[in-house]
Amino acid sequence: MRAVDIIAKKRDGLELSPEEIHWFIQSYVKDEIPDYQTAALLMAIYLRGMNTQETIALTMAMAHSGETLSFKEILPFTVDKHSTGGVGDKTTLALTPAVSALGLPVAKMSGRALGHTGGTLDKLESIPGFRADLTPEQFRRQAREVGLVVASQTAQLAPADGKLYALRDATATVGSLPLIASSIMSKKLAGGADAILLDVKVGHGSFMKTLDEAVALAELMVDIGRSQGRRMAAVLTDMHQPLGRAVGNALELREALETLHGAGPEDFRTLVITLAGHMLTLAGITATVDEGKEKTAQVLWDGSALNKFRQFIIAQGGDPAYVDEPDRLPKAQYIETVPAPRDGYIAELNAMEVGLTSAVLGAGRAKKGDPVDHAVGIVLHAKIGDKVHAGDPLFAIHASRPEHIPMARERMLAAYKWSEVPATPPPLIYRSIT
Ligand code: URA
């Protein structure tokens, strides 16, 4: 086969065969096809699209480009959860200990902050001593003994995705349905879970800006997973505004801990309970999502989810004193609460802007490998639908450098849009695909 023929075929809108797709991906991973030809194929896919069969073939070629995990001998059934990425999305931190406390083991690979979105591992690393780089043996032992492990993805898992993603980032080909679906699902399938729950975000703070686009992505990923015999479900959830009130690493961990201590913001708690209900049902632990939700509310309330989180933190080297006393978590040196400039109702709160502001304060990364500042971020005092009076606290900026505060204040004030008349908040959950 020749790379140029495959590129030409896709450029002309024709269907690629599974053999062509596998050959291309394997050759690219072995450095036998250069970046410029792969970039051309990515652009052809971006412009011409791929049908479901081609997307499944691309996903499987990527999933098999490195090692694949299996928990078959150590755990009867595992469920993984994936969020397509959002602002203030600390769901994994409260969801995984809750389902684990209900007898569903979670062995999860997570990512780090990039762009406007935060990363679960950066949030967990706000706890001194916490280690995310486990060996495969440590990962498996902890899954078996604690029933909860969250570690960094090894470079050996779906290496084609890492290489292709870097190229997509540099060639304006990230926002393509088959490329996003195959990127996410190749890692999830290589991760070895028997069932996968997808939290597909909708809104300007996420990849998918409209409900139709998000439904198309969710359905495609569900089809890919089912084609490989995995149990799949997807929930479409809002990302027009940030989830919860805290955005930033330690701030978000603190909010997740509040939820594990039985409190926390209503929207975050509802999302955690809903997603947990789906995970428990996928695993067959509960007969219905509603039953799973009830059981989850119980373990958040009675301390068993918090207890599981504590065991997990200890197992990965973290200091449990920070779990019991979240006040010890890193705090920003400068905290400025910004008052509302006027009376009115909050009509919009641009999640993307809030995420970018938090990233510029130091919570995120400009490029892979940059350090993050665990202490900084934004706390929202008002969200969409709230009635606010001039002078009421609108949001707080947590900064490590005072010179960042005017920039953050200006960006955040612009992220809020006001209305004279009552505004309806967007729904938290749009629909689910089960
Ligand atoms: N997340 C991924 O892992 N890949 C994409 O392409 C987009 C979001």
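This is a predicted model: local features need pLDDT of at least 70, side-chain atom pairs count only at pLDDT 80 or more; totals for chains, interfaces and linings use all residues.
Domain bounds in this description come from an automatic or database domain assignment.

Rolling a probe the size of a water molecule over the atoms shows where empty space is left. In this model, four cavities of 30 Å³ or more were counted. The largest cavity has a volume of about 110 Å³. Its lining comprises 17 residues, of which His-116, Thr-117, Gly-118, Ser-358 and Ala-363 are the closest to the centre of the cavity. Both domain 2 (79-324) and domain 3 (331-419) contribute residues to this lining, and the largest cavity therefore lies between these two domains. At least two lining residues are supplied by each of the helices α11 (249-260) and α16 (351-363). Helix α16 provides the largest share of the lining, with four residues. When the lining of the largest cavity is divided by class, 10 residues are polar, five are nonpolar and two are charged.

For the second largest cavity, a volume of about 80 Å³ was computed. The residues lining this cavity are Leu-16, Ile-21, Phe-24, Ile-25, Thr-38, Leu-41, Leu-42, Ile-45, Met-50, Leu-58 and Leu-164. Two or more of these residues come from each of α2 (18-29) and α3 (35-48), and α3 gives the largest share, four residues. The lining of the second largest cavity is made up of 10 nonpolar residues and one polar residue, with no charged residues.

The ligand is surrounded by Tyr-165, Arg-168, Ile-180, Ser-183, Ile-184, Lys-187 and Phe-207. On its own, the ligand has 240 Å² of accessible area, of which the protein covers 89%. The helices α8 (159-170) and α9 (177-190) each give two or more residues to the shell around the ligand. The largest share of this shell, four residues, is contributed by α9. By class, the shell around the ligand contains four nonpolar residues, two charged residues and one polar residue.

Terms used. Residues are numbered from 1 along each chain as its sequence is written. Side-chain values use heavy atoms; hydrogens and water are left out. On a 1 Å grid over the protein atoms alone, a cavity is a set of points where a 1.4 Å probe fits but cannot get out, and a pocket is an open set with protein on both sides within 12 Å along at least five of seven lines; lining residues have an atom within 4 Å of a point. Grid points are joined across faces, edges and corners, and a volume is the space filled by probe spheres set on the points. Ala, Val, Leu, Ile, Met, Phe, Trp, Tyr, Cys and Pro count as nonpolar, Asp, Glu, Lys and Arg as charged, and the others, Gly among them, as polar. A residue is near a molecule or strand if one of its heavy atoms lies within 4 Å of it. Accessible areas come from the Shrake-Rupley method with a 1.4 Å probe; for residues, only the protein chains shown count as cover.
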